[in-house]
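Please look through the sequence and the model before reading on.

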Amino acid sequence: MESIIGSKIKKMLPLLMTLLSMCLLFAQKKYSGFDPGAIWEDTEGLHINAHGGGMTIVGDTYYWFGEHKVKGGRGNQSWVGVRVYSSKDLYNWKNEGVALTVKKDPASLLIEGSVIERPKVIYNEKNKNYVMWFHHELKGQGYDAALVGVAVSDSVTGPYEYLKSFRMHPKVWPLNFSEEQKKHAIEKSKEKLKWGEGSVHGVYFLRDFEIGQMSRDMTLFKDDDGTAYHITASEENGTLIISKLTDDYLSLSNEYVRIFPGGNNEAPAIFKQNGKYYMITSGLTGWKPNPARSAVASNMFGPWKSLGNPVRGTEEEKATTFKSQSTYIFPVVGRKNAFVFMADRWTPQNAIDGRYIWLPIEFEGDNPIIKWYSNWNLSFFDSKK
Ligand code: GAL
C-alpha cells in the first residue's frame, strides 16, 4: 500500500515542482516604476542592499554597486563588502553577489570591520577592465584614516581584486594654489583657528601636504573622451578635491584642483549635459540629512559656480533633500538628457534598512532641480521632450 502511494507521489513530483516554481514566480514582485523611500526588493524578494551606490552601464545593462550593510549599528562598518545588482529596466534588480569582499586576514587593510563607503566602478578601455574606487576607513579608527581605496576586475560583477588604499597627492601642489595662497596658509597656520576655518585658509591642506590629503565622500566621473576624475570631500570635509586619474584609472595623476575651500560639501554626484558639468552635493551633518547644493562648470577643473539648493518642494523637503543624501547621478540608456538622481535615506541605527531615493533630474532654465514623485517611471522623460 505504502509503496503504491510512494510511487504515485514520485510520479507527480515533477508536476508539483513545476507548480511550486510557478507559484514562486507569481509571488515575485515585478516592478514597473520607482517608489522612492519604500522597501525595494530584488528578484529574490530581499530589500536591495547597495547603499551609497553608483551605477555602471555596460551595453543595455545597468550594474548598481553599493555598500552591503548588515543589521544594527554595526552595519555601518563593512562585514561583507560591496554588493552588485544588475537590471535592464532599472526597476527589477538581480543580485549578482559580492563584487569586493572584505578580508579575514588581519594583515589586510580591507579586514572586516573596516569601513567601505560609496563604491563607484568605471570601465577602462585601455586595459579592458573595471576599476572600483571607494572611501576606506581603517578598522577601529573611526573616520580618521580618510583613505581612498582601489580594486580591479576583468568582469563587471567581479570578483574585484583589492589593490591599495592611500592618502591623496602627498607633496604635490594643486593646479590652483598660488604663491599668495601658500603664504596666506602659512601665516594662518600660526593662528588658533575655529574648527572649519582651516579649510577656508588652506591650513588643513598644508597640514596634510607631506602625508597626503584626506579623502572621504567620493565619486568618479568618466568624461566622453575617456578622461576620468575622482571627486572627493577633503580637508576635514571642508574642501572638495577634483583629480584626474591616470590612463589606467588605477591611480591619481598629479593634476588636481581644490574647489569651494571651506564650503563643507559632501556626497558629490556629477553629470554632464550639453557640454556642461553639473554637481550635486550635500552639506555636512553626518547621517542626518541637510539641504543639497548644486553647481555648474564648463570644465571639470572649474571654475565651478554655485547654483544653490536644487530641491523644489515643501520647506521640509528643501531642508532635508527628501530626508536623503546624494550618492550618484546616471544617464538613462537610449534617452537624451535623461538623468536619475540617486540618494540614500540613511538609518544608521539599523543600517541594512536604509532606503533609496531615486528621482528624475529636471531643469529650471539652466539649473538642475529635483522634485518629489512618489511613483514614477521612465516615461516621465518622454513628457519632458
Ligand atoms: C556622511 C557620509 C556617509 C558616512 C557618514 C558617517 O556624511 O555622507 O557616507 O560617511 O557621514 O557619519
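## The ligand and its pocket

The space taken by the ligand is the second largest pocket. A pocket is found on a 1 Å grid over the protein atoms alone, as an open set of points with protein on both sides within 12 Å along at least five of seven lines. A molecule sits in a pocket if more than half of its atoms lie within 2 Å of the grid points of that pocket.

This is a predicted model, in which local features need pLDDT of at least 70 and side-chain atom pairs count only at pLDDT 80 or more, while totals for chains, interfaces and linings use all residues. Residues are numbered from 1 along each chain as its sequence is written, and side-chain values use heavy atoms, with hydrogens and water left out.

Which residues surround the ligand? They are Glu 117, Arg 118, Tyr 143, Asp 217, Glu 266, Gly 286, Trp 287 and Gln 325.

| Side chain | Atom of the ligand | Distance |
|---|---|---|
| Glu 117 | oxygen | 2.6 Å |
| Arg 118 | oxygen | 2.9 Å |
| Asp 217 | oxygen | 2.5 Å |

Taken alone, the ligand exposes 310 Å², and the protein buries 89% of that. Such areas come from the Shrake-Rupley method with a 1.4 Å probe, and for residues only the protein chains shown count as cover.

## A buried glutamine

Gln 213 lies in the loop between helix H4 (203–207) and strand S9 (218–222). Helices (H or I, at least four residues) and strands (E, at least two) are DSSP runs, numbered from the N terminus. Is Gln 213 buried or exposed? Gln 213 counts as buried because its relative accessible area is 0%. Buried means under 20% relative accessible area, exposed means over 50%, and partly exposed is in between (1.4 Å probe, protein chains only). A polar atom in the side chain of Gln 213 lies 2.9 Å from the backbone oxygen of Phe 205.

## Backbone exceptions

Most residues other than glycine have a negative phi, and most peptide bonds are trans. Some places in this chain depart from that pattern.

The peptide bond from Gly 158 to Pro 159 is cis, with omega near 5°. Pro 159 belongs to the loop between strand S7 (147–153) and strand S8 (161–166). The bond from Gly 302 to Pro 303 is also cis, with omega near 5°. Here Pro 303 sits in the loop between strand S15 (293–297) and strand S16 (305–308).

Lys 128 is not a glycine, yet its phi is positive, near 50°. Lys 128 is placed in the loop between strand S5 (115–124) and strand S6 (129–137), and it counts as exposed because its relative accessibility is 57%. Ala 267 also has a positive phi, of about 55°. Ala 267 is part of strand S13 (residues 266–273), and its relative accessibility of 0% is why it counts as buried.

## Distances along the chain and in space

Where does Gln 181 lie? Gln 181 is in helix H2 (residues 179–189) and is partly exposed, with a relative accessible area of 33%. Between Gln 181 and Gly 202 there are 21 residues of separation in sequence and 7.6 Å in space, C-alpha to C-alpha.

His 135 is in strand S6 and is buried, at 1% relative accessible area. His 135 and Lys 120 are 15 residues apart in sequence, with 9.6 Å in space from C-alpha to C-alpha.

Asn 299 is in the loop between S15 and S16 and is partly exposed, at 39% relative accessible area. Its C-alpha atom is separated by 30 Å from that of Lys 188, 111 residues apart along the chain.

Note on methods
A residue is near a molecule or strand if one of its heavy atoms lies within 4 Å of it. A polar contact is a pair of N or O atoms within 3.5 Å; within protein, one must be able to donate a hydrogen and the other to accept it, and residues adjacent in sequence count only if both atoms are side-chain atoms. On a 1 Å grid over the protein atoms alone, a cavity is a set of points where a 1.4 Å probe fits but cannot get out, and a pocket is an open set with protein on both sides within 12 Å along at least five of seven lines; lining residues have an atom within 4 Å of a point.
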